[in-house]
Amino acid sequence: MAERFHLTEEELLETTASIRASLKNDDSKNPDELKLPIVERFLLNNNSDNDNEKSMSPTVILVVGMAGSGKTTFMSQLYKSLDIWEDGDEEEEDDNSDENDGKSERNNDQNNKEEDEDKDEKEDKKKVGYFINLDPATKMVPYGASIDIRDTVDYKEVMKQHNLGPNGAIMTSLNLFATKFDQVISILENRCFDNTTATATKETSTKSPIDTILVDTPGQIEAFTWSASGTIITEGLATSFPTVLAYIIDTPRCAASPHTFMSNMLYACSMLYRTKLPLIIIFNKIDVVPCSFAIDWMTNFDSFQEALDDLSSSSTSNTQNNGYYTSLTRSLSLVLDEFYNQLNYVGVSSITGEGIDEFLNVIVPKATKEFITDYVPDLRYRVHEQYVKKQAMMRINLKKFQKDAENDKTRKQNLDKDDDE
């Protein structure tokens, strides 16, 4: 068992002041802090005045949601809306040609260049995506996953060998995959920072060829958000790239009952507390039911209360919609008012593609900015705090060693006196 230690009030004030001063001055004397690529890029961007020299990291989007909310369909729609990163998609062409055909080839080259420039202008406006699948139990992935957990872990074999049920096999597969997730981080850094160092320590760093890294998680949301492997994967990505959570909500089910809406909001709030990452609420399936009612419930407290009143009056015989349950829902809506004010949300349709452009071009950049301004300073503070505790423990152990050495010296002197007598 690790021995507990306590700092005196003077030591606590001194260490807290040193942490705040070092963070304010961007002082990176803490060696543990330099081990985090996201912090190193953050310091590099702050110290660079030229935007061209700043390291532009892609944003990681962790797509989570209840079973049946449409996560995989949402990923499929993003796959259609984004350009897909491919390795070595450019090939060199032979320049050897006959002198007699030189003029015609030059004309063709000029026409091809003009067409290529037009294509490049269109492609520049379209973001490049990199897709990862972390669902080991899915049979079919309707999008091209560059990294797929199924290539590493056999879900059915895990179930047979360990005598596990479906959920236990999913968690075990994630645990096995998490043991090698450092290799996934290395692959992503090599893909995103090609021709530069992975930690972007060079003075002239280039923009990443990948704009967005999308991660599809298992359908059983608790298997990822509340497991040790999910925490390892989430923190591993967050310490290397700007990372945000995209929580998919089934809009038609929320429209059927305000209680279902409140349950989804509570789960979203719990994930925010657990990960501390910027959260995006995605109201899916707006082609079936528009999400205007949900946005109204979040922005207008009275509107949600009226919805509860209508539900109670229309089902007087159902005790679930009256009494304690309804009273609790009313109280929770008041508690979550501050949560709604700071929340990023958007309505999308994974079938028609409505709202996808707003999600990629407006909501995701806003959440990425929140990650840089809120999560990274908090991460630095936590790393500094651990470093200070480690230094304090070393000082305490040194004092104990010196005290033990003095006691041994005194004991030895006493024994020598006894022998002389």
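What percentage of the 421 residues in the protein is buried? In this predicted model, local features need pLDDT of at least 70 and side-chain atom pairs count only at pLDDT 80 or more, whereas totals for chains, interfaces and linings use all residues. Residues are numbered from 1 along each chain as its sequence is written, and side-chain values use heavy atoms, with hydrogens and water left out. Buried residues (under 20% relative accessible area, 1.4 Å probe, protein chains only) account for 41% of the 421.

The protein contains 16 helices and 8 strands, taken as DSSP runs (H or I of at least four residues for helices, E of at least two for strands) and numbered from the N terminus. Of the contacts (heavy atoms within 4.5 Å) between residues at least 6 apart in sequence, 77% join residues at least 24 apart. The protein exposes about 24600 Å² (Shrake-Rupley method, 1.4 Å probe), and 48% of this area is supplied by carbon and sulfur atoms.

Asp-296, Asp-302, Glu-306 and Asp-310 form a negative surface patch. Helix α13 (residues 301-314) provides the largest share of the negative patch, 3 residues. Asp-310 is located in helix α13 and is exposed (over 50%), with a relative accessible area of 51%.

Lys-180 lies in the loop between α6 (166-178) and α7 (181-192). Lys-180 and Thr-152, 28 residues apart in sequence, are separated by 9.8 Å, C-alpha to C-alpha.

Notes
Patches are made of residues with over 30% relative accessible area and no salt bridge: like charges are joined within 9 Å, nonpolar side chains (Val, Leu, Ile, Met, Phe, Trp, Tyr) within 5 Å. A salt bridge is a side-chain nitrogen of Lys or Arg within 4 Å of a carboxyl oxygen of Asp or Glu. Lys and Arg count as positive and Asp and Glu as negative; His and the chain ends are not counted. The place of a charge is taken as NZ of Lys, CZ of Arg, CG of Asp or CD of Glu.
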